[in-house]
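Here is a colleague's note for checking against the coordinates. Please read the points in order.

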Amino acid sequence: MRQGNYVFTSESVSEGHPDKVSDRISDAIVDTFLTAQPEARVAVETLCTTNHIVIAGEVRGPEAVTARVMEDVARQAVKEIGYEQGGFHWRDAKVDVLVHQQSADIAQGVDALGNKDEGAGDQGIMFGYACRETDAFMPAPIHFAHSILKSLAEARHSGAQPNLGPDAKSQVSLRYVDGKPIGATSVVVSTQHADGLDQDEIREIVRPHVVNVLPDGWMCPEDQFYVNPTGRFVIGGPDGDAGLTGRKIIVDTYGGAAPHGGGAFSGKDPTKVDRSAAYAARYLAKNVVAAGLADRCTIQLSYAIGVSEPLSVYIDTHGTGKVDEDRLSGTLRGLMDLRPRGIRTHLGLNRPIYARTAAYGHFGRTPEADGGFSWERLDLVDPLKSAYA
């Protein structure tokens, strides 16, 4: 984002939003294949609507992951989200699995053969971004929008707020002065709820989850605090609106504060650079900022299908850089192999770690012991500092 004074807004959606239900199912299927065979190839899309789930796509993996297994995975994902409603129930929904084998034409371009290294699973451009606005090195509006919904979801799952439903959205507008956020100008939260609760009751349920997430003194004026603005949100999730995999890509990344290459992440194994190279770009950008080499950093990577080496590595530190950007590009390429196989090896991506990424953002999360969110590690900080000591 630019310097100066302005208001910037980002939104988030909960795990029960229909598009996120679809993302969760698709990523749970990816995890199932990678558990059975770490080198499996998966590209699956999910459609959810009233008591109906349709899974389609292409795979190359063990025959043990049958259509019935994928159906069970989908039902379990919906159950974990919390849908046991008349219009969308994990047990009662019809599940159609329309998954076939990966195209041989795609496979021959991606596979490593003879002296040819493994190629990218598709052409495309991927972006990574990091800044100093939050401890997570994320833009503040999307960071707080995610945190509000995570707080509401934790209260729902724990039983502390049994009247909340799985479907929810948030939107946070922050005022920036001299390019730095100083407080919220408005907050919007819409959350599914049990029948019989009025708008004022929901407002007071939601309020502490906003106040406790925002920094002290950042709460918006009362007349700019909007909760369930339509007045009622009982029918929600796929029963209220159809969901599709890959329809919330700005929610998944930086809330619009940084560019997005256009490709979705969910439902794709890590040979697809839409996913793995976006993770690599975030990893590098975050380490650059954490190392003190810039206050903001955008990295673009580009690939051609079947070609292993990236076509370009572009770095923009938005006038905040402490080192030459061209030199920095070379330094980063020396610290990390940006070929698809190199990315997967460096970040340990051939693991069943993706269902957890499907809601509340792929970035700004805490690295986990089993390799989840490995792209959030800060293990390049010391090598970067040493390179410019």
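1. Basis. This is a predicted model, in which local features need pLDDT of at least 70, side-chain atom pairs count only at pLDDT 80 or more, and totals for chains, interfaces and linings use all residues. Residues are numbered from 1 along each chain as its sequence is written, and side-chain values use heavy atoms, with hydrogens and water left out.

2. Strand β8. Helices (H or I, at least four residues) and strands (E, at least two) are DSSP runs, numbered from the N terminus.

3. Partners of β8. Strands pair if DSSP finds at least two bridges between them. Strand β1 (residues 6–13) runs antiparallel to β8, with 8 bridges; tyrosine 6 faces tyrosine 176 across this pair. Strand β9 (residues 180–193) is also antiparallel to β8, through 11 bridges, and valine 177 stands opposite lysine 180.

4. Hairpin. Between β8 and β9 lie 2 residues, and aspartate 178 in this hairpin has a positive phi near 55°.

5. Cysteines. There are 0 disulfides, a disulfide being a pair of cysteine sulfur atoms within 2.5 Å. Cysteine 48 counts as buried because its relative accessibility is 0%; cysteine 220 counts as buried because its value is 7%.

6. Helix α4. Residues 140–158 form this helix of 19 residues, which reaches 27 Å from first to last C-alpha, close to the expected 27 Å (1.5 Å times one less than its number of residues). Glycine 159 follows α4 with a positive phi near 90°.

Key
Buried < 20%, exposed > 50% of the residue type's maximum accessible area, 1.4 Å probe, protein only.
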